[in-house]
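Please read this note with the sequence and the 3D view side by side. The numbered points treat the ligand and then the aromatic rings.

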Amino acid sequence: MPAEGVELTPSPKLLSQNEIVHLANLFVSSGVDKIRLTGGEPTIRKDIDEICLQLSNLKGLKTLAMTTNGIALARKLLKLKECGLTSVNISLDTLVPAKFEFMTGRKGHERVMESINAAIDCGYNPVKVNCDLIRGFNVDEICDFIELTGDKPINIRFIEFMPFDGNVWNVKKLVPYLEMLDRVAKKFTELKRLQDHSTDTAKNFKIDGHLGTVSFITSTTEHFCAGCNRLRLLADGNFKICLFGTSELFEFRNLIIAVKVRHLVNGLSLCHIAYVVCYVAQGKILLSSYAGMFDIAKTANRPMIHIGG
Ligand SMILES: C[S@@+](CC[C@H](N)C(=O)[O-])C[C@H]1O[C@@H](n2cnc3c(N)ncnc32)[C@H](O)[C@@H]1O
């Protein structure tokens, strides 16, 4: 979130619950088996339970995940789990309440910790915790975060700080993966690399004797474009095939209306759906890698709050 905030998108411009489910159905019926709800902040959407319920009922969907700031999660989690939420990522960049307030501009550290514990109590395993590392802010906390994995089923995910509009990125704030690894390996000498899945965006590790795991997401210094199969549908109906890509392929919203109309009028929706999914997937395949961090830092892109992590 840029320090000056962002203009909120008016509700009529956001995808409705029906449109979200309809689009999700297109993709799941074409082979997508994992959906992550992110944002913005997914837990503040009033119909989030219903959206989860409908998505989790899509035939072929194996994982329904959510990335959240954890502020309101603890009180909503049981219901979300009942509605089919299978996996949770909670963002937490510091274990120090005063730093949390400084960074996020509000209190709430205790509530995020409560949400992490609530997720563990609800049986999520692992509970993923996203920690963006920023030099001069939280690098000294790396090992404290790892201590959390000792007796809890937490997967702590250290993410390299990425440039987006309004986040005052500069290379001095970036903590490269190799430096993170070095700091961790010095203290936790039993750190072992796990076998990653070919489409993992994270490099995964385990420490002997720890219940949880440690991961590094090296988007900035070691891109993982070759294995990345993520597609992002934005809250306003636009579409991104790459987090760093500036082009948003087309207004999906108009297309949904076309699909609906065709479906109603002459039942051509299946052809149309196949066309849409092929078009989007081809765009992804053609994108062999992004341009590199310095080019990205100079390129206009939406602020992260308007994309979704
Ligand atoms: C954009 S947030 C949206 C979901 C939710 N509001 C939250 O706070 O988790 C999703 C994730 O994006 C990541 N993120 C945001 N800005 C980032 C940046 N500049 N560099 C790296 N990761 C970033 C954070 O780690 C966060 O976990």
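1. How far is an oxygen atom of the ligand from an N or O atom in the side chain of N130? The distance is 2.9 Å, and a pair of N or O atoms within 3.5 Å is termed a polar contact; within protein, one atom must be able to donate a hydrogen and the other to accept it, and residues adjacent in sequence count only if both atoms are side-chain atoms.

2. The model is a predicted one, in which local features need pLDDT of at least 70 and side-chain atom pairs count only at pLDDT 80 or more, while totals for chains, interfaces and linings use all residues. Residues are numbered from 1 along each chain as its sequence is written, and side-chain values use heavy atoms, with hydrogens and water left out.

3. A backbone N or O atom of G40 lies 2.6 Å from a ligand nitrogen atom, and a polar backbone atom of M162 is 2.8 Å from a nitrogen atom of the ligand. On its own the ligand has 540 Å² of accessible area, of which the protein covers 86% (Shrake-Rupley method, 1.4 Å probe).

4. The shell around the ligand holds 18 residues, each with a heavy atom within 4 Å of the ligand. The closest are G40, E41, S91, D132 and M162. By class, five residues of the shell are nonpolar, ten polar and three charged; here Ala, Val, Leu, Ile, Met, Phe, Trp, Tyr, Cys and Pro count as nonpolar, Asp, Glu, Lys and Arg as charged, and the others, Gly among them, as polar.

5. Rings of Phe, Tyr and Trp (its six-membered ring) pair if their centres lie within 6.5 Å; planes under 30 degrees apart are stacked, over 60 edge-to-face and the rest tilted. The count comes to four aromatic pairs. The pair of F158 and F216 is tilted, because the ring centres are 5.8 Å apart and the planes stand at 35°. This pair joins distant parts of the chain, with F158 in strand β5 and F216 in strand β8 (residues 213–217), 58 residues apart; strands are DSSP runs of E with at least two residues, numbered from the N terminus. F158 and F216 are both buried, that is, under 20% relative accessible area (1.4 Å probe, protein chains only).

6. Ring pairs link F145, F158, Y177, F205 and F216 into a cluster. K203 lies over the face of Y177, at 5.4 Å from the ring centre (the rule asks for NZ of Lys or CZ of Arg within 6 Å of the ring centre and within 35 degrees of the ring normal). K99 lies over the face of F137, at 5.5 Å from the ring centre.

Key: Helix = DSSP H or I, 4+ residues; strand = E, 2+ residues; numbered from the N terminus. Buried < 20%, exposed > 50% of the residue type's maximum accessible area, 1.4 Å probe, protein only.
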